[in-house]
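User: I am new to this structure and would like to learn how to read it. Please take me through it one feature at a time.

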Amino acid sequence: QNPKPTSTVPLDRTQANVFGVSYDPKTLTVRWWLNGRKVLEAGPPYVPEVAQLQNFFLIVSAQSHRNISDYQLKFMGVRAFVGESDSAENPR
């Protein structure tokens, strides 16, 4: 559970956006990205050691969370990377 689950970075739903999540098993850190910019981060104790033993699955949703504006989710693709990256602060 993330102690700060809401990003302060505005999301423009009228534009195409790129969402990302990265997980570093060495530091037990999860980072959330929006258009190449880190917007949230969680680590221990909110990411427990058992995370190193878990399988991860992508879940995509267009839930509005009571947002009264109408919008559609257009899913254009997915990329997944495993292994060492060139920079934990700058995922591809």
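Analyst: Start with strands and their pairing. Strands (E, at least two residues) and helices (H or I, at least four) are DSSP runs, numbered from the N terminus. Two strands pair if DSSP finds at least two bridges between them. Here, Ser22 stands opposite Arg31 in E2. Note that this is a predicted model: local features need pLDDT of at least 70, side-chain atom pairs count only at pLDDT 80 or more, and totals for chains, interfaces and linings use all residues. Residues are numbered from 1 along each chain as its sequence is written, and side-chain values use heavy atoms, with hydrogens and water left out.

User: How many helices and strands are there in the chain?

Analyst: The chain has zero helices and three strands. From the N terminus on, the order is β-β-β.

User: Which way do E1 and E2 run, and how many bridges join them?

Analyst: E1 and E2 run antiparallel, joined by six bridges. These two strands form a hairpin with four residues between them. Leu28 in that hairpin takes a positive phi near 55 degrees.

User: In what sense do E2 and E3 pair?

Analyst: E2 (residues 29-34) and E3 (residues 37-42) also pair in the antiparallel sense, over five bridges. One case to find on the model is Val30, whose bridge partner in E3 is Ala42. E2 and E3 form a hairpin too, with two residues between the strands. Asn35, in the turn, has a positive phi of about 55 degrees.

User: Next, charged side chains. How many salt bridges does the structure hold?

Analyst: Side chains of opposite charge can pair when their charged atoms come close. A salt bridge needs a side-chain nitrogen of Lys or Arg within 4 Å of a carboxyl oxygen of Asp or Glu. This structure holds two. In one of them, Glu41 meets Arg31 at 2.9 Å, N to O. Glu41 lies in strand E3 and Arg31 in strand E2, so this pair ties together parts that are 10 residues apart in sequence. Lys38 and Glu41 also meet, at 3.1 Å, N to O.

User: Is Arg31 buried or exposed?

Analyst: Arg31 counts as buried because its value is 10%. Glu41 is at 40%, so it counts as partly exposed. Lys38 is partly exposed as well, with 35%. Across the chain, buried residues make up 17% of the 92 residues.

User: Which residues make up the largest nonpolar core?

Analyst: In soluble globular proteins, nonpolar side chains tend to be buried together. A nonpolar core is a set of buried Ala, Val, Leu, Ile, Met, Phe, Trp, Tyr and Cys residues joined through side-chain atoms within 4.5 Å. The largest one here has five residues: Leu28, Val30, Ala42, Val47 and Ala51. Contact means heavy atoms within 4.5 Å. Setting aside residues up to four places away in sequence, Leu28 touches several others, among them Tyr23, Ala42, Val47 and Ala51.

User: Which residues form a nonpolar patch on the surface?

Analyst: A patch takes residues with over 30% relative accessible area and no salt bridge; like charges are joined within 9 Å, and nonpolar side chains (Val, Leu, Ile, Met, Phe, Trp, Tyr) within 5 Å. Accessible areas come from the Shrake-Rupley method with a 1.4 Å probe; for residues, only the protein chains shown count as cover. Leu58, Val60, Leu73, Phe75 and Val78 form the nonpolar patch, with about 480 Å² of accessible area together. Leu73 sits in the segment after E3. It counts as partly exposed, at 42%. The whole chain has about 8,200 Å² of accessible surface, and 53% of that belongs to carbon and sulfur atoms.

User: What is Leu11 in contact with, beyond its neighbours within four places in sequence?

Analyst: Leu11 is in contact with Asn17, Phe19 and Leu34. It belongs to the segment before strand E1 (19-24). Leu11 and Leu34 are 23 residues apart along the chain, yet their C-alpha atoms are separated by 8.3 Å. Ser7 is also in the segment before E1. Beyond residues up to four places away, Ser7 touches Val39 and Leu40. Ser7 and Trp32 are 25 residues apart in sequence and 9.2 Å apart, C-alpha to C-alpha. Of the chain's contacts with a separation of 6 or more, 34% are between residues 24 or more positions apart.

Terms used. Buried means under 20% relative accessible area, exposed over 50%, partly exposed in between (1.4 Å probe, protein chains only).
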